[in-house]
Number of protein chains: 2
Amino acid sequence: MGSSDHRTTARILDILETIASVQDGVSLSDLSRSLAIPKSSLHPLLCTLAERRYLHYLQREERYYLGENTFVLGNKYVNNHDVLEQIKDVMQQVNQKTGETLYFGVLSKRDVLYLAKADLHSQFRVVSNPGNKLPAYSTGYGKALLSQFMPDQIHSLYPEGELKLVTPQTVRNVDQLNIQLEGIRTTGFAYEKGESTTGIQCVAVAIKVDGQVLAGMSIAVPEFRYTAQREEQFKTLLDDARSQIQRIIAGNRSQWIYSGEYNR
Amino acid sequence: MGSSDHRTTARILDILETIASVQDGVSLSDLSRSLAIPKSSLHPLLCTLAERRYLHYLQREERYYLGENTFVLGNKYVNNHDVLEQIKDVMQQVNQKTGETLYFGVLSKRDVLYLAKADLHSQFRVVSNPGNKLPAYSTGYGKALLSQFMPDQIHSLYPEGELKLVTPQTVRNVDQLNIQLEGIRTTGFAYEKGESTTGIQCVAVAIKVDGQVLAGMSIAVPEFRYTAQREEQFKTLLDDARSQIQRIIAGNRSQWIYSGEYNR
DNA sequence: CCTTGTTGTTCGTATATAAGAACGTCGTTC
DNA sequence: GAACGACGTTCTTATATACGAACAACAAGG
């Protein structure tokens, strides 16, 4: 269980993350500077990553880009497990009935990882794609996921107290967040009002199996189409979808490795 | 341009690929045996990968699984570039008109990498998801992509001559493949009859920009719904979509790094 | 034309990493 | 209950890797 820092491994991940974080590619020297690693040390790593097609080196630009095999590898995280497909089916039924987009995600440390969406019948297509992360407190399903933690746990997750704003509407500090989380625990529903995307409101629920919160799901609605009456409909449908999904996960419990436990 | 084999880098990729290739997770000892690497050497690598959440270690099972960050990283390959989104739009229009599924992919060495699909209005949902690879010769859009290569180039790609069958219908050897590729070059259309999925037929086209084949696109139709008359419709729509997509790519040429060049 | 800036590449050696054996722990089997 | 076989973990030193400097190639600027 020892926490050994293997330098080379960390470097490879740093390299990949750095290159992934920019659209326009990165040169060897750029990497050397931003990671504070000698060019001569980076060179063999980059060559091997490029040979294995986890990177691409464009000679004309002298820049490295992400390679296909990074994509292939990453998608194995979801392609190996068909639980997600079953969950998408449930979500798509709700999508069909409401015409609004559904999101599904899990917790990854302090962020929510967005795993799946259902927007076949949505009037407005959202730009975001699965595989993105957002601060958990800024989204509806993120807050649903955080609602499993008591105030002191939230404080140790966010020792600063102040929360980084995603939009002007994002909850600003841990104490306000805890008030909201308490509300989620009592009502079973989380709400988001333009806190991660301006103009979008959400209702969200936590997916619990064996008393453990494993995932969050939300329905995202443009403000101008959001009414109290529709909110009731959303909550009914979400609640129903929630229990279906909980049954699906419970039936395939062994397949559920997404974001694992929070121990260690 | 030196091809140095950096052992540690190769090992990390081997580790990730091995773990990604099985559903049920892998133990340290399993990895040690299958990769022929001492356990003591693997241990620090696995610890670091797990700390960075590219792997998850389930203590109760003593097994390693892929972690979320592998997924997050891999999706940056497509999330950073919105050309794909525009291409999907074009494909979805064809999907809406035909009710059949469209596929889009690029070449990765001898395989086709499946990048996007449009199946919103399809009667049958296909199980496969983006991020998968298939032998290029076994699919319609794969053959469209291979049609850029002359017989001798194909022979050097597949020196064995015999091709591994994906289904009983898959083309069996390089010479037959070359005959088909010649037909694709003259007609501009590639066909697939259950060669990668039994019961599914495809028509496919190559996406060319500046005289270079960059991608392939196909429409996949269940055999029983495939008629000569509809085939004509598919070809017209595909051809139209092709030129739209070529214009999109030409307009964002710099964004197109997918699978890069084949030099080096 | 020579300078000064990039870029990537190649060396030799100091150093950090990998290997193998030994160890601790838990289950299973006899 | 003792012995065996798994698992992961810890050690030490032989070895392979990383460093820094020097190198080559090219572009921009004086």
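Leaving aside its neighbours within four places in sequence, with which residues is Ile245(A) in contact? The answer is given below, once the surroundings of this residue have been described.

## Overview of chain A

The structure is a predicted model. In chain A, the secondary structure consists of 9 helices and 8 strands. The C-alpha trace of chain A spans about 65 × 40 × 40 Å along its principal axes. Chain A has 264 residues, of which 55% count as buried. Its accessible surface amounts to about 11400 Å², and carbon and sulfur atoms account for 50% of that area.

Among contacts in chain A between residues at least 6 apart in sequence, 57% join residues at least 24 apart.

Chain A contains an open sheet of 6 strands, with antiparallel pairing and the order 5-4-3-8-7-6. Strand 5 (133–135) and strand 6 (190–193) of chain A stand at the edges; each has a single partner strand, so one side of each is left without a neighbour in the sheet. On average, and with direction ignored, neighbouring strands of this sheet are turned by 30° against each other. In general, the strands of a sheet pair through backbone hydrogen bonds, in either a parallel or an antiparallel manner.

Within this sheet, strand 3 (residues 101–108) and strand 4 (residues 111–118) of chain A are antiparallel partners, joined over 7 bridges. In this pairing, Gly105(A) stands opposite Tyr114(A), a residue of strand 4 of chain A. Helix 5 (residues 83–98) of chain A packs on the sheet and touches strand 3, strand 4 and strand 8 (212–222) of chain A. The direction of helix 5 makes about 145° with that of strand 3 of chain A.

## A helix from chain B on the sheet of chain A

Helix 4 (residues 68–79) of chain B lies across strand 3, strand 4 and strand 5 of chain A. This helix of chain B runs at about 65° to strand 4 of chain A.

## The sheet of chain B

In chain B, 6 strands form an open sheet with antiparallel pairing, in the order 5-4-3-8-7-6. At the edges are strand 5 (133–135) and strand 6 (190–193) of chain B, each with a single partner strand, so one side of each is left without a neighbour in the sheet. From one strand to the next, the twist averages 30°.

Strand 4 (residues 111–118) and strand 5 of chain B run antiparallel and are joined by 3 bridges. Asp111(B) has Pro135(B), in strand 5 of chain B, as its bridge partner. Helix 9 (residues 228–251) of chain B packs on the sheet, where it touches strand 3 (101–108), strand 6, strand 7 (200–209) and strand 8 (212–222) of chain B. The direction of helix 9 makes about 30° with that of strand 7 of chain B.

Ile245(A) belongs to helix 9 (residues 228–251) of chain A. With a relative accessible area of 0%, Ile245(A) is buried, because buried means under 20%. The opening question can now be answered: apart from neighbours within four places in sequence, Ile245(A) is in contact with Ile87(A), Val90(A), Met91(A), Phe104(A), Ile207(A) and Met217(A). Ile245(A) and Lys208(A) are 37 residues apart in sequence, and their C-alpha atoms are 9.3 Å apart in space.

Gln246(A) is likewise found in helix 9 of chain A. Its relative accessibility is 19%, and Gln246(A) therefore counts as buried. Beyond its neighbours within four places in sequence, Gln246(A) is in contact with Ala206(A), Ile207(A), Lys208(A) and Val209(A).

## Lys109 in the two chains

Most residues other than glycine have a negative phi. Lys109(A), although not a glycine, has a positive phi of about 55°. Lys109(A) lies in the loop between strand 3 and strand 4 of chain A. At 49% relative accessibility, Lys109(A) counts as partly exposed.

In chain B, Lys109(B) has a positive phi near 55° and is a residue other than glycine. The loop between strand 3 and strand 4 of chain B is the place of Lys109(B). Lys109(B) has a relative accessible area of 48% and is partly exposed.

Notes
Residues are numbered from 1 along each chain as its sequence is written. Chains are lettered from A and ligands numbered from 1 in the order in which they are written. This is a predicted model: local features need pLDDT of at least 70, side-chain atom pairs count only at pLDDT 80 or more; totals for chains, interfaces and linings use all residues. Side-chain values use heavy atoms; hydrogens and water are left out. Helices (H or I, at least four residues) and strands (E, at least two) are DSSP runs, numbered from the N terminus. Buried means under 20% relative accessible area, exposed over 50%, partly exposed in between (1.4 Å probe, protein chains only). Contact means heavy atoms within 4.5 Å. Accessible areas come from the Shrake-Rupley method with a 1.4 Å probe; for residues, only the protein chains shown count as cover. Two strands pair if DSSP finds at least two bridges between them. Axes are lines fitted to C-alpha atoms, for helices over the stretch in contact, and angles run from 0 to 180 degrees between N-to-C directions.
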